[in-house]
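The sequence and model are shown first.

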Amino acid sequence: VQLQASGGGLVQAGGSLRPSCAASGSIFSINDMDWYRQAPGKQRELVARITRGDSTNYADSVKGRFTISRDNAKNTVYLQMNSLKPEDTAVYYCSQFIVTRGSYFGTAYWGKGTLVTVSS
């Protein structure tokens with residue numbers, strides 16, 4: 001299983017980006033899909049989560065600005081980021097909890113990360 005993230009970039013404050021993360025491989029099912037971020041000198045933090053039943057939760061710092069969504073047919077999770085602030089600058093990582101074909105248990109898989117830079 002591999003996760004490929006894309007859609008980061010450089011944007012001015014107040015702008016928008018929509019990174020995506022697609023899983024590929026021998027996938028039976030995917031449960032939670034997450035976006036994390038890690039800013040320079042800081043610990044990685046959970047930004048948003050969407051469950052298999054489409055329940056979502058967000059870090060307080062992004063509530064009302066970011067929206068997580070998923071396309072199960074494409075094994076893809078998206079993060080619509082609006083009203084971006086310089087403090088949103090970080091490497092954004094996706095994680096998906098995947099049960100592979102022939103397995104009873106799931107594993108959290110990680111993408112390599114996509115850089116988001118917000119200029120003031």
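Where is Tyr104 found?

## Loop residue Tyr104

In this predicted model, Tyr104 sits in the loop between E9 and strand E10 (107–110). Its relative accessibility is 77%, so Tyr104 counts as exposed, the cut-off for that class being over 50%.

Phe28 is 76 residues from Tyr104 along the chain, and the C-alpha atoms of the two are separated by 10.0 Å.

## Disulfide

The count of disulfides comes to one. The bond joins Cys21 to Cys94, with an S to S distance of 2.0 Å. The angle about the S-S bond is 55°, and the link of Cys21 and Cys94 is right-handed. Cys21 belongs to strand E3 (residues 20–24) and Cys94 to strand E9 (residues 90–100), so the pair ties together parts that are 73 residues apart in sequence.

Cys21 and Cys94 are both buried.

## Nonpolar core

The largest nonpolar core has 28 residues. Within this core, the residues with the most contacts are Trp35, Val47, Phe66, Val77, Leu79, Met81 and Tyr92. At least two core residues come from each of strand E1 (2–6), E3, strand E4 (27–38), strand E5 (45–50), strand E7 (66–71), strand E8 (76–81), E9 and strand E11 (114–119).

Apart from its neighbours within four places in sequence, Phe66 is in contact with residues including Val47, Leu79, Met81 and Tyr92. Arg37, Tyr58, Gln80, Asn82, Leu84 and Asp88 are also in contact with Phe66.

How values were computed: Residues numbered from 1 in each chain as written. Predicted model: local features only at pLDDT ≥ 70, side-chain atom pairs only at ≥ 80, totals over all residues. Heavy atoms only, no water. Disulfide = S-S within 2.5 Å. Helix = DSSP H or I, 4+ residues; strand = E, 2+ residues; numbered from the N terminus. Buried < 20%, exposed > 50% of the residue type's maximum accessible area, 1.4 Å probe, protein only. Core = buried A, V, L, I, M, F, W, Y, C linked by side-chain atoms within 4.5 Å. Contact = heavy atoms within 4.5 Å.
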